[in-house]
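Here are some notes for a first reading of this entry. Please keep the sequence and the model open while going through the points.

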Amino acid sequence: MSEAKKKAVDRNRTIDPAVLEVLSGQLPVDTAYDRYLAQQPQCKFGDTGICCRICIQGPCRITAKAPKGVCGATAYTIVARNLIRSVLGGASAHSDHSKHILLTLKALLEGHAPDYSIKSPEKLRAIATRFEIPVEGRTDLEILADVVKLGLEDYTRMTGGKVRWVEKTVTPGRVKKFTECNIMPTSVFQTIASAMSQTHMGMDADPVNLIFKALEASLADYTGMHIGTDLSDVLFGIPTPIYTEANFGVIDPAKVNIAVHGHNPLLSEMIVQAAREMDSEAKAAGATGIQLMGICCTGNEVLMRQGVPPVTNFLSQELPIMTGAIDAMVVDVQCIMPGIQAVSECFNTRIITTAQNAKIPGSYYVDYSEERALDQAKEVIRIAIDGYKERAGVECVIPSVKNKVVAGFSLEALYDLFGALNPDAPIKVVTDALKSGELRGVVLFAGCNNLKVTHDENHTVIAKELAKNNVLLLSTGCAAGSYAKLGLLSPEAVDQYAGDSLKAFIRKLEEANAGKLEGKLPLVFHMGSCVDNTRATNFATAIANDLGVDVPKIPFAASAPEAMSEKAIAIGSWNVAMGLPVHVGVVPPVTGSELVNGIALQIAHDVYGGFFIWETDPYKAAEKILEALDYRSWKLKIHAQTAEKFETKASAAW
Ligand code: NFS
Ligand code: SF4
């Protein structure tokens with residue numbers, strides 16, 4: 001194949017037909033698909049984690065000729081330090097996002113967030129009860145004040161005490177393990193600062209010590225995420241099943257098209273509300289209405305609670321602009337490619353940044369604050385309407401691809417479904433199915449896209465393979481975005497891809513809930529944005545508690561088939577600490593140290609019961625995940641039989 005031809009093929013590294021259609025339009029626009037090729041070959045030192053730039057005597061690169069950095073740091077120290085810094089990047093991002101929500105609730109208490117209210121008093125009370133905060137005879141605001149106080153303490157405690165959000169949401173076995181291994185965070189900020197200090201030049205050189213600190217940092221990440229999900233539910237409501245559509249076909253050239261992109265629902269929820277109020281303004285401008293659509297995790301947030309259709313996921317975020325029909329793309333924080341601005345300048349799209357810590361040169365900027373949220377949402381929509389007026393009459397090229405989507409499966413929503421079959425103990429619907437073999441296991445798909453693999457291919461191939469093998473599938477983040485776009489969140493996918501007993505399991509749930517649901521159930525259950533991964537952990541915890549064992553013994557695994565961000569590294573790390581097998585479909589930069597790589601793949605299992613699996617081939621990945629599930633089911637059964645025979649408690653070992 002000629003170089004030019006090969007480049008054209010490589011550029012189309014996606015299986016999404018809508019994305020392929022836009023790419024094949026050969027518009028002279030530079031996107032991530034082109035820039036990835038321009039970056040080749042990528043540096044092997046960085047790729048394997050053995051480049052250190054922590055002090056400015058560096059960069060130091062480990063080679064056979066120079067096996068130590070200038071200071072004497074060896075490969076294992078450098079790889080471990082780089083790893084912990086990635087976890088810290090992720091933990092900072094998540095906790096900053098959730099801190100924003102926590103502070104908005106504080107502002108609400110103080111009367112400075114007039115557009116926000118408590119949408120879910122029942123979630124507030126459930127959180128309070130979890131932490132033994134009294135609820136009887138108290139107002140929502142009184143309870144909220146105590147919950148916010150606890151959240152602030154979990155963020156800022158300097159010494160003495162441990163984060164309550166971990167202590168009260170994991171199994172007793174995990175609390176014991178985290179305490180014994182000394183990885184229970186004191187608080188989110190204290191752990192992040194002390195871990196960062198530990199990686200400074202001339203600090204910790206011990207890779208095991210560094211990795212334990214990385215796990216503590218990952219639990220700080222978990223804390224921030226859990227607080228984020230809990231409080232978002234209080235503010236915006238607990239997601240319940242919701243029916244909509246996804247992919248480029250949701251763009252309507254006759255409407256004012258606004259894409260919301262980023263992570264934090266604080267502004268995007270207001271935009272949804274404002275759009276409903278401003279339909280007439282759009283019509284007065286000649287449009288038939290306002291079409292909102294989501295990208296990345298802000299998209300997931302407003303999909304889960306408001307049914308806003310996802311247009312695309314991370315990797316293809318620049319491409320909706322190339323249809324010519326997007327009037328505004330409103331971004332908040334994280335996973336926003338700076339490249340969207342240059343693409344937007346070739347079309348009629350207005351990029352609107354809204355966060356003081358995430359600006360893009362050349363973009364519009366609305367300085368979001370919780371005090372003026374709804375007004376600012378309206379300002380955003382007016383910018384989009386102005387864009388529409390300029391665009392009207394210009395030809396748009398929009399792929400017509402779209403698929404049905406059923407989303408909104410918070411753990412509460414899942415319990416509600418299970419409760420129709422077993423009202424006294426909803427979780428038993430799953431544990432019984434695991435024990436009988438009706439379900440071969442449960443797998444959470446999470447994480448991003450990454451051009452090191454073909455866009456969306458790993459996500460979909462692994463999910464289909466596992467569905468065929470009767471694994472119950474959960475998803476969050478851009479993994480869920482991929483399933484939404486490509487039809488795996490549709491009821492039809494159950495008939496197409498589920499093995500017989502998974503199909504029977506889903507049908508049974510459908511029948512028991514008939515009348516309550518607007519339609520049928522999907523193949524993959526969308527649990528929310530990336531921040532909402534703790535919903536899935538709560539699910540695993542409930543399964544373990546019901547089976548009377550710790551998490552490392554249950555047939556439950558996680559997979560990030562196309563991991564990309566530091567947040568994904570943080571999430572993967574705490575899932576390992578929680579005791580789960582965690583597949584990653586892109587090899588992370590740790591292979592430069594056999595020791596660190598070995599800890600991730602093997603030693604972690606000995607200590608925590610969880611471990612990583614690096615596998616880039618989706619078929620092999622599915623096999624490895626099934627193997628991990630089967631091994632756990634087999635052991636669980638043997639331990640249960642032995643316990644019964646000798647009338648003892650089930651073994652705590654794994
Ligand atoms: Ni998670 Fe969500 Fe997507 Fe990855 Fe980015 S949007 S927070 S990091 S790329 S899933
Ligand atoms: Fe080199 Fe050591 Fe400085 Fe890293 S900390 S850049 S290995 S001298």
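1. Helices here are DSSP runs of at least four residues, numbered from the N terminus. The model is predicted.

2. The domain assignment divides the protein chain into domain 1 (3-61), domain 2 (75-236), domain 3 (248-391) and domain 4 (403-645). Between domain 2 and domain 4, the C-alpha centres are 24 Å apart. Their contact involves 39 residues from domain 2 and 34 residues from domain 4.

3. Which residues are the closest to ligand 1? They are His263, Cys297, Cys335, Cys478 and Cys530, in a surrounding set of 13 residues. By class, this shell holds 8 nonpolar, 4 polar and 1 charged residues.

4. Domain 3 (248-391) and domain 4 (403-645) each contribute at least three residues to the shell around ligand 1. As for helices, at least two shell residues come from each of H14 (296-306) and H20 (477-486).

5. Helix H14 also packs against helix H12 (residues 265-277), at an angle of about 50° and with the axes 9 Å apart.

6. Sorted by class, the contact of H12 with H14 comprises 3 nonpolar, 3 polar and 4 charged residues.

Notes:
Residues numbered from 1 in each chain as written. Chains lettered and ligands numbered in written order. Predicted model: local features only at pLDDT ≥ 70, side-chain atom pairs only at ≥ 80, totals over all residues. Heavy atoms only, no water. Near = heavy atom within 4 Å. Nonpolar A, V, L, I, M, F, W, Y, C, P; charged D, E, K, R; others polar. Domains from an automatic or database assignment. Axes fitted to C-alpha atoms, helices over the stretch in contact; angles between N-to-C directions. Contact = heavy atoms within 4.5 Å.
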